[in-house]
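Here are my notes on this one, as numbered points. Have a look at the model alongside them.

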Amino acid sequence: MLRLLLDVLPYDPDQHERVIREYQPLVNDTVDTLKAVGQQVNDGISAGGGGSHSTPYILGAILAALIALGLLLLMVRSYRRRGDQQLGFTRS
């Protein structure tokens, strides 16, 4: 029974260990590279600064989108009222 299953689904018990041995140096090298880049970036940043300069622009864009959405809702509401009024005039 086991041989039938192994024919359908081949199982290699050492595959996991081989993958770890193969990728471990790559992972270590990647982590070391990222640490070095992070240290270089941190050296270039002054300790007194903070925050983002784009925050007012983002908040302004959100506010403009909300105002535009409100105006759109008012336009739809007035359009529907006109349609209801015209429908009322045609019925009488």
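1. The chain's average is 77, and 71% of its residues score at least 70. This is a predicted model, where local features need pLDDT of at least 70 and side-chain atom pairs pLDDT 80 or more, while totals for chains, interfaces and linings use all residues. Residues count from 1 along each chain as its sequence is written, and side-chain values use heavy atoms, leaving out hydrogens and water.

2. The elements run α-α-α from the N terminus, with three helices and zero strands (DSSP runs: H or I of at least four residues, E of at least two).

3. Buried residues come to 0% of the 92 in the chain, where buried is under 20% relative accessible area, exposed over 50% and partly exposed in between (1.4 Å probe, protein chains only).

4. Ile-62 sits in helix H3 (residues 55–91). Ile-62 counts as partly exposed because its relative accessibility is 46%.

How values were computed: pLDDT = per-residue confidence, 0-100.
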